[in-house]
Amino acid sequence: MKKLTALFLTMIMLLTLLAGCGSNGSSEKSTESGEAGITLESGKLKVGTEIGYPPMEYFDEDGATPIGFDMELAQALADQLGLELELVDTAWDGIFAGVDTDKYDVILSSVSFTEDRNEKYLLSKTYVANAPVIVVPNDSTIADIADLEGKSVAVQMETTADYLIQEYVGNGLKTDLRQYEKVINAFDELLAGRVDAVCTDSVVAAYYLGDEASNYKTVWQAETKEPICMCMKKGNDALKETLEGALDELKANGKLAEIATKYFGEDITADLD
């Protein structure tokens, strides 16, 4: 019995020692995230994203592999930091609640910088130029947002495009606002002729207008720009500093421009400092 007890105590001491070594090792790869007390899991960057917003984040033809600008950027950031990337696919209407409840470290999912969001969350420096636009079929007579009077316009719900059209409606524009769960649903409706226009981000419009045989054109762009950034929980200042440092490295070594050119045909990450 004493031998068993001694053996047991020896095992406990050994496990404690190993745990201590593991803790020291993981701290070299972990990033303290400020007042919220969140620490990146050892060797892992957990990213919340809504995979259904081409060309920023969407599934490849196999229906399972995440691709897009933000997806490649997320992988590049993880690689730059020596971390494994874990993507958490989340519905857009719950994505900000997810970062608030620590389901992931950061949202990397076409988050437009707005003052309202900046008050509620910790937003990084912006990395892609962007603005709300109106997209219509090539044969449409709509030439301005005012021409949506008496027409129907589709948006992805809970996006800045949705809020923008709601604001115009509140100011007297009589348009039929139709809200969809995903932006691809809005464009499906436009293609089918069931709506007259789509209001979305210019980065998304670039995807749908990128083909020479595109059925669409952009007829209006908001004066207020909404460049895209990363979004974190308030208090995670060290995490923000770490991710921005990695972003700066990707910009300096040309990787950010390379990814942008792949998806947009040009570097739309420039001149955002």
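Which loop holds Thr159? Thr159 sits in the loop that links β8 (152-156) to α5 (160-170), with helices (H or I, at least four residues) and strands (E, at least two) taken as DSSP runs and numbered from the N terminus.

This is a predicted model, where local features need pLDDT of at least 70, side-chain atom pairs count only at pLDDT 80 or more, and totals for chains, interfaces and linings use all residues. Residues are numbered from 1 along each chain as its sequence is written, and side-chain values use heavy atoms, leaving out hydrogens and water.

**View 1. A look at Thr159 in its loop.** Thr159 counts as buried because its relative accessibility is 7% (buried means under 20% relative accessible area, with a 1.4 Å probe and protein chains only). Its side chain reaches the backbone oxygen of Gln156 at 2.6 Å.

**View 2. Helix α2 (residues 69-81) meets helix α8 (residues 237-252).** Their axes, lines fitted to C-alpha atoms over the stretch in contact, with angles from 0 to 180 degrees between N-to-C directions, come within 9 Å and cross at roughly 100°. That makes α2 roughly perpendicular to α8 (65 to 115 degrees). On the α2 side, Leu73, Ala76, Leu77, Gln80 and Leu81 make the contact, meaning heavy atoms within 4.5 Å. Their partners in α8 include Thr242, Leu243 and Ala246.

**View 3. Helix α2 packs with helix α9 (residues 255-264).** Here the angle is about 160° and the axes are 10 Å apart, so α2 and α9 are roughly antiparallel (over 145 degrees). Phe69, Glu72, Leu73 and Ala76 in α2 meet α9 residues including Leu256, Ile259 and Phe264.

Key: Angles under 35 degrees count as roughly parallel, over 145 as roughly antiparallel, 65 to 115 as roughly perpendicular and the rest as oblique. Buried means under 20% relative accessible area, exposed over 50%, partly exposed in between (1.4 Å probe, protein chains only). A polar contact is a pair of N or O atoms within 3.5 Å; within protein, one must be able to donate a hydrogen and the other to accept it, and residues adjacent in sequence count only if both atoms are side-chain atoms.
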